[in-house]
Amino acid sequence: MTQTTDLNAIADALRQHDRFLVVTHENPDGDALGSMLAVSLALRQLGKDAVMYLPGQTPLPREYAFMPLEDLVREPPADASERVLLAVDCAKEDRIGDEAALARSPLVLDVDHHHDNTRFGDLNLIVADASSTGEVLRDVFAELGVELTPELAEPLYIALVTDTGRFQYANTTPKSLRLAAELVEAGADVHAVFQQVYESVEFAKLKLLARALGRAEVLEGGRIVVSHLLRTDFAEAGAAEPYSEGLIDYLRAVEGAELAVLIREQLHGPHAYKGSLRSSIDELDVSAIAHSFGGGGHRQAAGFSSDATLEEIVERIRLGFLEQRATSRA
């Protein structure tokens with residue numbers, strides 16, 4: 001397995017091949033969907049054949065329903081074994097949801113910005129200090145001479161604005177802000193994206209939020225805010241599984257909170273629970289806590305799955321938090 005951070009190597013591979021299977025991580029967010037759509041449009045602009053593939057039947061998050069993803073397929077195409085597999089915004093091979101796709105492909109390209117990426121590709125472009133995978137792809141497109149059309153600029157902007165928390169998270173850099181300006185100049189509709197992603201909340205999601213807030217509790221003197229959602233919450237609120245996306249940000253906003261935790265009982269998937277972690281301070285690396293469950297992510301935003309009980313999960317997170325805080329003070 002070749003490991004490289006050479007942008008030119010990835011660009012050359014994209015030039016040399018004609019048929020691609022573009023994938024991202026399960027339960028995709030704005031960066032995942034924006035990157036998947038943007039790179040597919042870029043490849044088609046170059047005359048390539050690109051198929052977007054997301055395994056499973058879990059609905060996409062409602063806030064991204066406005067994106068032109070009609071061509072996205074949920075079953076592998078018949079010629080999948082003949083296509084180069086291009087994974088975007090996916091830190092681990094098992095998060096693709098169809099690990100067999102990796103074995104079927106003649107070549108695997110891995111483009112990402114997660115610092116804990118396992119470099120599962122034959123070629124890997126991992127830029128850990130990039131704000132988003134969309135930012136990494138913009139540099140790839142520039143190398144390939146891809147025209148930044150409005151149709152291409154908007155999904156890149158969605159990737160950028162969502163992964164930086166509307167340019168409020170610590171991963172917001174001068175480069176990401178300059179990129180945002182470039183994308184707006186190219187035709188990305190800032191107001192439309194804001195309305196669709198952040199102001200098109202279905203009532204069922206508000207009901208789900210109410211349940212999460214009602215169960216919220218503080219630990220360690222308010223430094224940890226934790227809540228959970230059960231399958232019955234989704235059923236009674238009339239909410240689909242993706243409706244839990246973004247709810248943790250309300251916990252993260254609590255004054256004095258250094259760690260926000262949202263654990264939800266999974267409606268689909270091999271594990272009983274899925275956990276989301278958010279850090280509000282640089283000294284706390286939540287990806288390290290997620291790793292203890294077999295998960296991963298960024299320093300300030302990470303996730304995991306587990307079959308432990310709710311109580312066991314919360315206790316392991318609490319101990320992980322205390323261990324890190326003690327180390328940071330040493």
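This is a predicted model: local features need pLDDT of at least 70, side-chain atom pairs count only at pLDDT 80 or more; totals for chains, interfaces and linings use all residues.

Reader: How many aromatic pairs does the structure hold?
Author: Rings of Phe, Tyr and Trp (its six-membered ring) pair if their centres lie within 6.5 Å; planes under 30 degrees apart count as stacked, over 60 as edge-to-face and the rest as tilted. By that rule, the number of aromatic pairs in the structure is three.

Reader: What is the angle between the planes of Tyr157 and Phe167?
Author: A pair of aromatic rings is described by the distance of the centres and the angle of the planes. For Tyr157 and Phe167, the centres lie 6.3 Å apart.

Reader: Where do Tyr157 and Phe167 lie, and how many residues apart?
Author: Helices (H or I, at least four residues) and strands (E, at least two) are DSSP runs, numbered from the N terminus. Tyr157 is in helix H5 (residues 150-163), and Phe167 is in the loop between H5 and helix H6 (174-185). The pair links distant parts of the chain, with a separation of 10 residues.

Reader: Is Tyr157 buried or exposed?
Author: Buried means under 20% relative accessible area, exposed over 50%, partly exposed in between (1.4 Å probe, protein chains only). Phe167, at 24%, counts as partly exposed. Tyr157 has a relative accessible area of 6%, so it is buried.

Reader: Why is the pair of Phe194 and Tyr198 tilted?
Author: Phe194 and Tyr198 both lie in helix H7 (residues 190-198), four residues apart, about one turn of the helix. Their ring centres are 5.8 Å apart. The pair is tilted because the planes stand at 35°.

Reader: Which residue lies over the face of Tyr198?
Author: A charge sits over a ring if NZ of Lys or CZ of Arg is within 6 Å of the ring centre and within 35 degrees of the ring normal. Phe293 has Arg316 over its face, at 3.9 Å from the ring centre. Over the face of Tyr198, at 4.0 Å from the ring centre, lies Arg166.

Reader: How many salt bridges does the count come to?
Author: A salt bridge is a side-chain nitrogen of Lys or Arg within 4 Å of a carboxyl oxygen of Asp or Glu. One network of salt bridges links Arg19, Asp49, Asp79, Glu82 and Arg83. The salt bridge count comes to 23.

Reader: Which residue forms a salt bridge with Arg211?
Author: The closest N and O atoms of this bridge are 3.0 Å apart. It links distant parts of the chain, helix H8 and helix H9 (residues 231-237), 25 residues apart. Arg211 is in H8, and its partner in H9 is Glu236.

Reader: How many residues apart in sequence are the parts that Arg231 and Glu265 tie together?
Author: The side chains of Arg231 and Glu265 meet in a salt bridge of 3.1 Å, N to O. Arg231 lies in helix H9 and Glu265 in strand E8, so the parts tied together are apart in sequence by 34 residues.

Reader: Which residues form a nonpolar patch on the surface?
Author: Patches are made of residues with over 30% relative accessible area and no salt bridge: like charges are joined within 9 Å, nonpolar side chains (Val, Leu, Ile, Met, Phe, Trp, Tyr) within 5 Å. Accessible areas come from the Shrake-Rupley method with a 1.4 Å probe; for residues, only the protein chains shown count as cover. With about 310 Å² of accessible area together, the patch residues are Val201, Phe203 and Leu206.

Reader: Which residues does Ser40 touch, not counting those up to four places away in sequence?
Author: Ser40 lies in helix H2 (residues 30-45). At 0% relative accessibility, Ser40 is buried. Contact means heavy atoms within 4.5 Å. On that basis Ser40 touches Val22, Ala50 and Met52, with residues up to four places away left out.

Notes:
Residues are numbered from 1 along each chain as its sequence is written. Side-chain values use heavy atoms; hydrogens and water are left out.
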